[in-house]
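Have the model open as you read.

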Amino acid sequence: MKKINTALLISIMSLISLTTYAAPPVNTEVCDDWASKAGSYMLFRQMNTPIHEAMENAIGNVTRGLLLSAYQQPVAETNEGKQQAIDNFKNKTYGDCISQME
């Protein structure tokens with residue numbers, strides 16, 4: 001019985017020490033917002049919206065930088081390619097944001 005109690009106690013202490021050193025959860029809401037903006041900006045790009053018109057929707061230097069990054073990408077020829085470009089840009093933006101928060 002003592003062996004079982006000792007093993008149980010060691011197991012519980014191990015779990016407590018693991019949770020003590022675990023990284024705090026990341027608030028992904030901010031990254032979701034940035035990914036949404038990225039998708040909108042890449043949509044403008046894929047629709048061949050002139051950059052000066054798209055710039056009207058970008059407020060702030062970081063937001064404008066994201067828009068300019070979208071406009072550095074080529075316009076795809078097919079609808080599938082356009083959607084893939086939008087998805088890729090959104091996913092990259094989200095991933096970059098999460099990396100910055102860790």
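In this predicted model, the axes of helix H2 (residues 29-46) and helix H4 (residues 61-71) come within 9 Å and cross at roughly 45°. Axes here are lines fitted to C-alpha atoms over the stretch in contact, with angles running from 0 to 180 degrees between N-to-C directions. Helices are DSSP runs (H or I, at least four residues), numbered from the N terminus. That angle makes H2 oblique to H4 (oblique is what remains after under 35 degrees for roughly parallel, over 145 for roughly antiparallel and 65 to 115 for roughly perpendicular).

Here's who touches whom, with contact meaning heavy atoms within 4.5 Å:

| Helix | Residues in the contact |
|---|---|
| H2 (residues 29-46) | Trp34, Lys37, Ala38, Tyr41, Met42, Phe44, Arg45 |
| H4 (residues 61-71) | Val62, Thr63, Leu66, Leu67, Ala70, Tyr71 |

Over in helix H5 (residues 79-101), Asp96 and Lys92 sit four residues apart, about one turn of the helix. They form a salt bridge, with the closest N and O atoms 2.8 Å apart; the cut-off is a side-chain nitrogen of Lys or Arg within 4 Å of a carboxyl oxygen of Asp or Glu. A search of the whole structure turns up one such bridge.

Zooming out, the protein chain has five helices and zero strands. Of its 102 residues, 23% count as buried (under 20% relative accessible area, 1.4 Å probe, protein chains only).

Some housekeeping: residues are numbered from 1 along each chain as its sequence is written, and side-chain values use heavy atoms, leaving out hydrogens and water. Local features need pLDDT of at least 70 and side-chain atom pairs count only at 80 or more, while totals for chains, interfaces and linings use all residues.

Key: Helices (H or I, at least four residues) and strands (E, at least two) are DSSP runs, numbered from the N terminus. Buried means under 20% relative accessible area, exposed over 50%, partly exposed in between (1.4 Å probe, protein chains only).
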